[in-house]
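Me: I would like to go through this structure with you, one topic at a time. Please keep the answers brief.

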Amino acid sequence: MDYIKDRILTGIQSTGLPHLGNLLSVILPTIDLANNKSLNPVFISIANLHSLTNIKNISFIKKYIYNILATWLACGLNTNKAIIYKQSDIPEVTELAWYLSCFFKYKRLTLVHSFKDKINNNMQSINVGVLTYPMLMAADILLYNAKIIPVGKDQLQHIEITRKVAKNFNRIMGKTFILPTALTNENTMYVTGTDGKKMSKSKNNIINVFISNEILKKQIQNIRTDNKSFQSSKDPNTNIIFSIYKLLASKKSINEIKNKYLNGNYGYFEAKNDLYQCILNRFSNERKLFNTLIKEKLFLDKILNNGAEKAREIAIKNISNIRNILGLK
Ligand code: TRP
């Protein structure tokens with residue numbers, strides 16, 4: 001992987017406010033790549049077409065797009081070094097998704113974890129989009145010849161499928177696509193949620209950074225603990241509060257808190273409060289900026305339009321080549 005020269009692309013569904021897990025595992029590391037490491041602009045697709053598969057109230061998607069864009073900007077993304085766009089502004093992506101789906105076995109798609117989880121819940125209400133979701137994600141990546149894909153651990157299988165469908169297409173039609181590689185952030189690819197499982201919106205165990213103080217506090221209060229008394233010594237290594245704290249605080253504070261757990265006379269109420277303060281401090285500027293940006297819809301629209309214009313230029317060129325290869329011209 002060559003962070004400097006290879007095209008980097010990531011995507012994020014517009015299904016709500018990005019949570020702490022999204023921030024630490026994908027958003028912040030990608031901003032660092034975009035602002036400081038990559039020579040070329042980094043592509044960020046706000047995947048509103050993917051969101052259509054699981055949103056009951058479609059009017060929310062629009063609001064969520066602004067939330068996501070404001071999050072990236074509040075966290076410091078330099079828009080001169082990134083192309084951030086709404087997935088649906090590039091209709092070529094759905095065209096490519098169709099082509100790709102003709103080069104991939106139906107049976108294999110039915111075995112994808114994200115699909116299987118959903119059909120286990122409720123087979124009757126699943127839409128076709130949930131099944132073909134990975135084809136759209138592959139199109140999102142392959143349309144731009146992206147090579148490095150920063151993602152959370154839960155997306156690794158989707159990247160595998162992207163490689164597989166690209167390989168199938170290349171084998172049958174001749175070399176067309178670059179094979180992408182997932183980039184996960186080792187320290188943060190597993191951010192623990194409030195119930196001790198991986199933080200994920202669908203599990204209802206998230207901590208949102210860009211939310212009111214009251215709700216943030218409530219989310220932190222929801223963190224599961226055992227019932228050890230205030231006085232007793234506690235093991236920081238098996239503690240959910242500490243496992244989140246240590247991803248955010250300085251080495252010095254981490255050590256101090258560790259000792260507090262071990263020494264006792266430090267209860268879970270105090271520990272949760274320390275985590276709350278830590279999040280407020282760590283993201284104080286970002287939270288202020290988010291609240292300003294989210295009101296500036298015209299400014300946000302301008303950034304999305306700009307991004308779409310640049311992304312579309314590449315998309316049009318590449319889809320035209322693919323149509324040629326498929327003999328559609
Ligand atoms: N499926 C991804 C998720 O839920 C979002 C996504 C859409 C994506 N398109 C992408 C991620 C392209 C990486 C590259 O997190």
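Me: Is Cys102 buried or exposed?
Reply: The model is a predicted one. In it, Cys102 is exposed, because its relative accessibility is 52% and the threshold for that class is over 50%.

Me: And Cys278, buried or exposed?
Reply: Cys278 counts as buried, with a relative accessibility of 11%.

Me: Which cysteine sulfur is nearest to that of Cys278?
Reply: That of Cys75, at 15 Å. Cys278 is in no disulfide, because a pair of sulfur atoms would have to lie within 2.5 Å.

Me: How many disulfides does the count come to?
Reply: The count comes to zero.

Me: Let us change topic to the strands. How do E1 and E2 run, and how many bridges join them?
Reply: Strand E1, residues 9–13, runs parallel to E2, and five bridges join the two. Within this pairing, Gln13 is opposite Ala47 of E2.

Me: What does the chain pass through between them, and what is the hand of the crossover?
Reply: From E1 the chain goes through H1 to reach E2, a β-α-β crossover that is right-handed.

Me: Where is Leu39 in relation to H1 and E2?
Reply: Leu39 sits in the loop that lies between helix H1 (20–37) and strand E2 (42–47). Its relative accessible area is 66%, so Leu39 is exposed.

Me: Which residues form a nonpolar patch with Leu39?
Reply: Met1, Tyr3 and Ile4 form this surface patch with Leu39, and together the four residues have about 430 Å² of accessible area.

How values were computed. Residues are numbered from 1 along each chain as its sequence is written. This is a predicted model: local features need pLDDT of at least 70, side-chain atom pairs count only at pLDDT 80 or more; totals for chains, interfaces and linings use all residues. Side-chain values use heavy atoms; hydrogens and water are left out. Patches are made of residues with over 30% relative accessible area and no salt bridge: like charges are joined within 9 Å, nonpolar side chains (Val, Leu, Ile, Met, Phe, Trp, Tyr) within 5 Å. Accessible areas come from the Shrake-Rupley method with a 1.4 Å probe; for residues, only the protein chains shown count as cover. A salt bridge is a side-chain nitrogen of Lys or Arg within 4 Å of a carboxyl oxygen of Asp or Glu. Helices (H or I, at least four residues) and strands (E, at least two) are DSSP runs, numbered from the N terminus. Buried means under 20% relative accessible area, exposed over 50%, partly exposed in between (1.4 Å probe, protein chains only). Two strands pair if DSSP finds at least two bridges between them. A crossover is right-handed if, with the strands pointing away from the viewer, the path from the first strand over the helix to the second runs clockwise.
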